Amino acid sequence: MGQIISQAVFKPNPGADMAKFMGFVSESVAIWRKHGADVSIWAVSTGEVGNMVFAARFDSYEAYGKCVDAVYGDPAFQDWSARATGSGLSSWVRSNLARQLPI
């Protein structure tokens, strides 16, 4: 069985305070990791330059579901979400949920 990967693509808004922006990113990573996600952050270097990718990997859909339920139920995430959305520092581009195929 392959892994599951959840990706959120986002970008800093023009003029964003990058220190504050990266603080929000780091805070989110910590919350997802607390609930079992294997998280990495990527900077897009070709194509949609300037976008960033939040990637969370899981061993199964079951592990993904348990983590997502825990994250969205966590008061720290709810607080983070309200503050991050209200900050105006970034914009959502897209998200994907993909499964690795055996080859």
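Modeller: Let us begin with contact, which means heavy atoms within 4.5 Å. What follows concerns a predicted model.

Colleague: Which residues does Ile5 touch, not counting residues up to four places away in sequence?

Modeller: Ile5, which is found in strand S1, touches Ala55, Ala56 and Arg57, and also Asn96, Leu97 and Ala98, once residues up to four places away in sequence are not counted.

Colleague: Is Ile5 buried, partly exposed or exposed?

Modeller: Buried means under 20% relative accessible area and exposed means over 50%, with partly exposed in between. Ile5 has a relative accessible area of 22%, and is therefore partly exposed. Asn51, which lies in the loop between S2 and S3, counts as buried because its relative accessibility is 8%. Leaving aside neighbours within four places in sequence, Asn51 is in contact with Val9, Phe10, Lys11, Trp42, Ala43, Val44 and Val93.

Colleague: How should I read burial along a helix, and which residues of H1 are buried?

Modeller: An α-helix has 3.6 residues a turn, so residues three or four places apart point the same way. Helix H1, residues 18-34, reaches 24 Å from its first C-alpha to its last, close to the 24 Å expected for its 17 residues at 1.5 Å a residue. In H1, the buried residues are Phe21, Phe24, Val25, Ser28, Val29, Ile31 and Trp32. Seen down the axis of H1, these buried residues fall within an arc of 165°, so they line one face of the helix. On the other side of H1, Ala19, Lys20 and Lys34 are exposed.

Colleague: What do the buried residues of H1 pack against?

Modeller: They pack against the strands S1 (4-12), S2 (38-43), S3 (52-58) and S4 (90-99), and against the helices H2 and H3.

Colleague: At what angle do the axes of H2 and H3 cross?

Modeller: Crossing angles of 65 to 115 degrees count as roughly perpendicular. The axes of H2 (residues 61-73) and H3 (residues 75-87) come within 5 Å and cross at roughly 70°, and the two helices are therefore roughly perpendicular to each other. Val71, Tyr72 and Gly73 of H2 make the contact with Pro75, Phe77 and Gln78 of H3. By class, this contact of H2 with H3 has 4 nonpolar and 2 polar residues, and no charged residues.

How values were computed. Residues numbered from 1 in each chain as written. Predicted model: local features only at pLDDT ≥ 70, side-chain atom pairs only at ≥ 80, totals over all residues. Heavy atoms only, no water. Axes fitted to C-alpha atoms, helices over the stretch in contact; angles between N-to-C directions. Helix = DSSP H or I, 4+ residues; strand = E, 2+ residues; numbered from the N terminus. Parallel < 35°, antiparallel > 145°, perpendicular 65-115°, else oblique. Nonpolar A, V, L, I, M, F, W, Y, C, P; charged D, E, K, R; others polar. Expected span 1.5 Å × (residues − 1). Buried < 20%, exposed > 50% of the residue type's maximum accessible area, 1.4 Å probe, protein only. Arc of directions from axis to C-beta.
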